[in-house]
Amino acid sequence: MGYAGPAAGFAGDLPPAAPDRLLLPGLVDLHCHGGGGHGFPDGDTAGVRAAAAHHRRGGTTTLVASLVSAPTEILLARLDVLAPLVRAGELAGVHLEGPFLSAARCGAQDPAALLPGDPALLRRLLAAGVVVSVTLAPETAHADELVAVLREHGALPSFGHTDASAATTTAAVRSAARTGRVSATHLFNGMPPMLSRAPGPVAACLAAAGRGELVVELVADGVHLAPETVAAVFDLVGPAQVALVSDAMAAAGMPDGGYRLGGLPVTVSGGVARLTTGGAIAGGTSRLLDVVRCTVAAGVPLADVVLAATQTPADLLGRTDVGRLVAGARADVLVTDPDLAPVAVLAAGTHLLED
């Protein structure tokens, strides 16, 4: 494995140098359901490996594979498929988006697969040792106990897919923040809108992020959020409290057509993925570098955007070896042109892509 340090001490080939090249830390994506035609919730081993490789070639050198709500036996089977890739370092872990979510805000989750909070079930899912984060609604049953179970296993609690009030959300975040890191899953999406007399979870999460109590995920791909919304969140809470994510699904990098997200059919038209029945947005079709490009186009300074796509999510995972270009960190480097198109990618010092 390669580590960052002086160029003179690097035995391999250095990335291509040019006056207009940008050298960035390898990107860190905490929320990704697949890509390149394959999904983490339903692909075989070859497929999930291809999905991970698709994102690595785009500069995402640290990738967490996200699953969607499904029956328990299916989730356990998916963890069995993904565990070898986590242990081999091809994935940084698994994110469970559910099943302890609000049916009222299930989005592209299968409502039939949602369950009230069940600490015993959560322990079964965490027993494989590869789950690094779990999305749960703050109003679900036994929410505090679920957070305690996650802490026991070193996994990150992330509040989302919720219909909770601002008060309920604030109480859940403050309780969780007393014991460690906490995040909000794709802020604004899977939540009621923020209103003047019903501020809801959006206002509660923004306030908590402003206090430094949690980090908010943003799917800033030009579909999930307006660019003005993205810029406003950066202005309000700063890049150290924002984790940019792709929320990509199997259609990332693929043409329009029919796909699946877990057990549900998805139609992609004009690059936008929606459930074939009901029309809810069903994940993204962009890689994290595309999200970085969109966020810069929204007017957020490049340095802030890079921080939110590298060090901030790495810190959420408790990883100090990735998401930064410092001596001793893993040699993950993304080289781009001035338009933020990838030119070269090094993962642990190994070239994955060159122009």
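In helix H2, the residues Thr72, Glu73, Leu75, Leu76 and Leu79 meet Leu121, Arg124 and Leu125 of helix H3, where contact means heavy atoms within 4.5 Å. Sorted by class, this contact of H2 with H3 holds five nonpolar, one polar and two charged residues. Here Ala, Val, Leu, Ile, Met, Phe, Trp, Tyr, Cys and Pro count as nonpolar, Asp, Glu, Lys and Arg as charged, and the others, Gly among them, as polar.

The model is predicted: local features need pLDDT of at least 70, side-chain atom pairs count only at pLDDT 80 or more, and totals for chains, interfaces and linings use all residues. Residues are numbered from 1 along each chain as its sequence is written, and side-chain values use heavy atoms, with hydrogens and water left out.

H2 covers residues 72-87 and H3 residues 119-126; they pack at an angle of about 25°, and their axes are 10 Å apart. Axes are lines fitted to C-alpha atoms, for helices over the stretch in contact, and angles run from 0 to 180 degrees between N-to-C directions. H2 and H3 are therefore roughly parallel to each other (angles under 35 degrees count as such).

The chain as a whole has 10 helices and 17 strands, which are DSSP runs (helices H or I, at least four residues; strands E, at least two) numbered from the N terminus. Its C-alpha trace spans about 55 × 40 × 40 Å along the principal axes. Of the 355 residues, 55% are buried, that is, under 20% relative accessible area (1.4 Å probe, protein chains only). Among contacts between residues at least 6 apart in sequence, 71% join residues at least 24 apart.

Notes: Parallel < 35°, antiparallel > 145°, perpendicular 65-115°, else oblique. Buried < 20%, exposed > 50% of the residue type's maximum accessible area, 1.4 Å probe, protein only.
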